Amino acid sequence: MAENDNNIGTRLAIVAIVVEDRECTEAMNHVLHEYGEFIIGRMGIPYPKRKISLISVAIDAPNETISALTGKLGKINGLTVKTAYSKV
């Protein structure tokens, strides 16, 4: 089996999350946990001066899975979500 065979049909993406209301973090973490098998890594940066947090989530998953994840996150009040896809 070739090295890239395990990644056929998946895409690499970064999901950027701006947490504007800390009350929504439990719901956000629940969704991220649900998709944990696809998450490569996660970095959170609290910014107390503006009372927000910035979170980036690296993901390797089928396009439909990434869309489902970001769709669920986008429905949570208090979050703003954007996704950037790799071209490889």
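Strands, as the word is used here, are DSSP runs of E at least two residues long, numbered from the N terminus. By that reading I40 belongs to strand β2, which covers residues 39-47. The model is a predicted one.

The sheet is the place to start. It is open and built from 4 strands in the order β2-β3-β1-β4, with antiparallel pairing. Its edge strands are β2 and β4 (79-85), each of which pairs on one side only. On average, and with direction ignored, neighbouring strands of this sheet are turned by 15 degrees against each other.

Two of the strand pairings can be followed in detail. β2 and β3 are joined in the antiparallel sense over 8 bridges, and within this pairing Y47 has I52 in β3 as its bridge partner.

Helix α1, residues 25-34, lies across β1, β2, β3 and β4. Its direction is at about 165 degrees to β2.

Individual residues show how these elements meet. I17 is found in strand β1, which spans residues 11-19. I17 counts as buried because its relative accessible area is 2%, and buried means under 20%. Leaving aside neighbours within four places in sequence, I17 is in contact with M28, S53, L54, I55, V57, L73, L79, T80 and V81. I59 lies 42 residues from I17 along the chain, and the C-alpha atoms of the two are separated by 13 Å.

T65 gives a view from the helix side, as its place is in helix α2. With a relative accessibility of 15%, T65 is also classed as buried. Apart from neighbours within four places in sequence, T65 is in contact with Y35 and F38.

I40 in β2 is exposed, because its relative accessible area is 58% and the cut-off for exposed is over 50%. Together with L12 and V88, I40 forms a nonpolar patch on the surface. The accessible area of the three residues together is about 320 Å².

The last stop is S86, in the segment after β4. S86 is partly exposed, since its relative accessible area is 24%, a value in between the limits of under 20% for buried and over 50% for exposed. Not counting residues up to four places away in sequence, S86 touches R11 and L12, and L12 is one of the members of the nonpolar patch. R50 is 36 residues from S86 in sequence, with 30 Å between the two, C-alpha to C-alpha.

Definitions and conventions: Residues numbered from 1 in each chain as written. Predicted model: local features only at pLDDT ≥ 70, side-chain atom pairs only at ≥ 80, totals over all residues. Heavy atoms only, no water. Patch = residues over 30% accessible without salt bridge, like charges linked within 9 Å, V, L, I, M, F, W, Y side chains within 5 Å. Areas by Shrake-Rupley, 256 points an atom, 1.4 Å probe, with all protein chains shown as cover. Salt bridge = Lys/Arg side-chain N within 4 Å of Asp/Glu carboxyl O. Buried < 20%, exposed > 50% of the residue type's maximum accessible area, 1.4 Å probe, protein only. Contact = heavy atoms within 4.5 Å. Pairing = 2+ DSSP bridges. Axes fitted to C-alpha atoms, helices over the stretch in contact; angles between N-to-C directions.
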